[in-house]
Amino acid sequence: MKRPLIIIFLVLLVYQAVKIYVKTHFVMSEEYKIAPWFIIHFTENNGMAYGMQFSGQYGKIFLSIFRIAAVIAIGWYLKNLVRDKAHPGLITSIALIFAGALGNIIDSAFYGLIFSESNYELAKLFPAGGGYAGFLHGKVVDMLYFPLIEGHFPAWFPFWGNQEFIFFRPVFNCSDSSITIGVLLILLFQRKFYPRKQQEQQTISQ
């Protein structure tokens with residue numbers, strides 16, 4: 001377990017450091033343009049990856065419980081992969097997914113307890129009056145914005161004619177990118193990652 005644990009630790013360390021820096025150095029909606037297509041834009045959301053969310057407090061609790069259950073399941077799967085000596089690339093991919101999911105849980109579980117609000121001033125870490133929300137009710141910090149293509153839909157386009165078009169519009173965070181990278185690696189290299197499964201399927205078909 002040494003290799004995946006190191007990956008998880010380093011990912012969490014770097015990503016939490018980035019999130020805490022943005023949270024304590026940016027007010028809500030403040031941004032810093034690194035390039036026309038790469039912007040650090042501070043925002044927060046109550047829900048899932050890429051700004052998607054459930055509404056209401058019960059939705060938030062349900063999502064938090066679902067996240068915790070998912071992380072436990074992913075951790076169990078990762079442990080079995082290590083035990084079965086699976087492909088190192090697969091173990092790395094699952095470790096990235098685990099670290100990303102755990103990173104967002106940390107935001108949701110603890111950020112409301114340890115930070116003040118970011119709406120009108122810089123958030124403070126461990127404010128004297130307490131945090132802005134209770135356990136599992138914290139907001140997930142997002143900051144990565146890549147408006148790669150900007151323009152307008154043509155007038156004849158159904159529903160969105162003449163409206164502004166931006167790709168890629170969602171603002172996300174480092175944890176989301178870790179999950180995405182892990183999933184993409186599995187999709188791209190699934191034949192290398194699951195050779196035994198393919199051999200078994202070929203044997204059965206014969």
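A residue counts as buried when its relative accessible area is under 20%. Keep that cut-off in mind for the views below, which all come from a predicted model.

**View 1. S93, a buried serine in helix 3.** S93 sits in helix 3, which covers residues 88-114. Its relative accessibility is 0%, so S93 counts as buried. Look for the polar atom on the S93 side chain: the backbone oxygen of G89 is 2.8 Å from that atom. Leaving aside residues up to four places away in sequence, S93 touches G182, L185, I186 and F193.

**View 2. F193 and its ring partner F189.** One of the residues that S93 touches, F193, comes back here. F193 and F189 make an aromatic pair, with 6.1 Å from centre to centre and 45 degrees between the planes, and this pair is tilted. F189 has 35% relative accessibility, so F189 counts as partly exposed.

**View 3. F38 and F146, a stacked pair.** Pairs of aromatic rings are described by how far apart their centres are and by the angle of their planes. Here the ring centres of F38 and F146 are 4.7 Å apart and the planes meet at 10 degrees; planes under 30 degrees apart count as stacked, so this pair is stacked.

**View 4. Helix 1 and its buried residues.** Helix 1 runs over residues 2-25, which makes 24 residues. From first C-alpha to last, helix 1 reaches 34 Å, close to the 34 Å expected at 1.5 Å a residue. Buried residues in helix 1 include P4, I7, V11, Y15 and K19.

**View 5. The whole chain, for orientation.** The chain has six helices and five strands, and along the sequence they follow the pattern α-β-β-α-α-β-β-β-α-α-α. Of its 206 residues, 38% count as buried. The chain exposes about 12,600 Å², and carbon and sulfur atoms supply 68% of that area.

Note on methods:
Residues are numbered from 1 along each chain as its sequence is written. This is a predicted model: local features need pLDDT of at least 70, side-chain atom pairs count only at pLDDT 80 or more; totals for chains, interfaces and linings use all residues. Side-chain values use heavy atoms; hydrogens and water are left out. Rings of Phe, Tyr and Trp (its six-membered ring) pair if their centres lie within 6.5 Å; planes under 30 degrees apart count as stacked, over 60 as edge-to-face and the rest as tilted. Buried means under 20% relative accessible area, exposed over 50%, partly exposed in between (1.4 Å probe, protein chains only). Helices (H or I, at least four residues) and strands (E, at least two) are DSSP runs, numbered from the N terminus. Accessible areas come from the Shrake-Rupley method with a 1.4 Å probe; for residues, only the protein chains shown count as cover. The expected span of a helix is 1.5 Å times one less than its number of residues. A polar contact is a pair of N or O atoms within 3.5 Å; within protein, one must be able to donate a hydrogen and the other to accept it, and residues adjacent in sequence count only if both atoms are side-chain atoms. Contact means heavy atoms within 4.5 Å.
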